[in-house]
Amino acid sequence: MRIREICLSLPEMVEKPFGGHTAPSFRVRDKLVVMTSEDGLSMTFKAGPGVQEALVAEGPERFFVPKYVGSKGWVGARLDVDHDWDEMAELIEDSYRLIAPKRLVNQLDQD
């Protein structure tokens, strides 16, 4: 799974299921950065102001506003469609930067 490879390349990121789910979720210091759906067809990640709206407007077949966390700026990405995985890696890294402690973000910038 490309998502796992991208996530686990980030400093101190770990894979740990969310709640009672079995689908992979990725966290830094026990804070969620990326969640995947139980059916493996989508993932959600945190995005900065305006990013969710831009992605959904630009590619509604690829991105959506997820239930529950959409109002907090999280973005859903459908995984059963083609994606530019360089773009997806950037979006995952941006989510990490919004959630990880500054020290870890600085470490990322130095690598």
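Okay, let's start with Ser 42, which counts as buried because its relative accessibility is 16%. By that I mean under 20% relative accessible area, while exposed is over 50% and partly exposed is in between, with a 1.4 Å probe and protein chains only. Ser 42 sits in strand S4, residues 42–46. Helices here are DSSP runs of H or I with at least four residues, strands are E runs of at least two, and both are numbered from the N terminus. Ser 42 is 22 residues from Phe 64 in sequence, and their C-alpha atoms are 9.7 Å apart in space.

Before I go on, this is a predicted model, so local features need pLDDT of at least 70 and side-chain atom pairs count only at pLDDT 80 or more, whereas totals for chains, interfaces and linings use all residues. Residues are numbered from 1 along each chain as its sequence is written, and side-chain values use heavy atoms, with hydrogens and water left out.

Now the whole chain. We've got four helices and six strands, and from the N terminus the order goes α-β-β-β-β-α-β-β-α-α. The radius of gyration is 13 Å, close to the 13 Å from the globule rule for 111 residues, so the protein is as compact as a globular protein of that length. That radius is taken over C-alpha atoms, and the rule is 2.2 Å times the number of residues to the power 0.38. Along the principal axes, the C-alpha trace spans about 35 × 30 × 25 Å. As for burial, 41% of the 111 residues count as buried.

Glu 12 isn't a glycine, yet its phi is positive, near 60 degrees. You'll find Glu 12 in the loop between helix H1 (2–8) and strand S1 (13–15), and at 41% relative accessibility it counts as partly exposed. Tyr 68, also not a glycine, has a positive phi of about 70 degrees. Tyr 68 is in the loop between strand S5 (63–64) and S6, and it's exposed, with a relative accessible area of 75%.

Last stop, the surface charge. Which residues gather in a patch of negative charge? They're Asp 84, Asp 86, Glu 90 and Asp 94. Asp 84 itself is in the loop between strand S6 (74–78) and helix H3 (85–99), and it's partly exposed, at 42% relative accessibility.

Conventions:
Patch = residues over 30% accessible without salt bridge, like charges linked within 9 Å, V, L, I, M, F, W, Y side chains within 5 Å. Areas by Shrake-Rupley, 256 points an atom, 1.4 Å probe, with all protein chains shown as cover. Salt bridge = Lys/Arg side-chain N within 4 Å of Asp/Glu carboxyl O. Lys, Arg positive; Asp, Glu negative; His and termini not counted. Charge placed at Lys NZ, Arg CZ, Asp CG, Glu CD.
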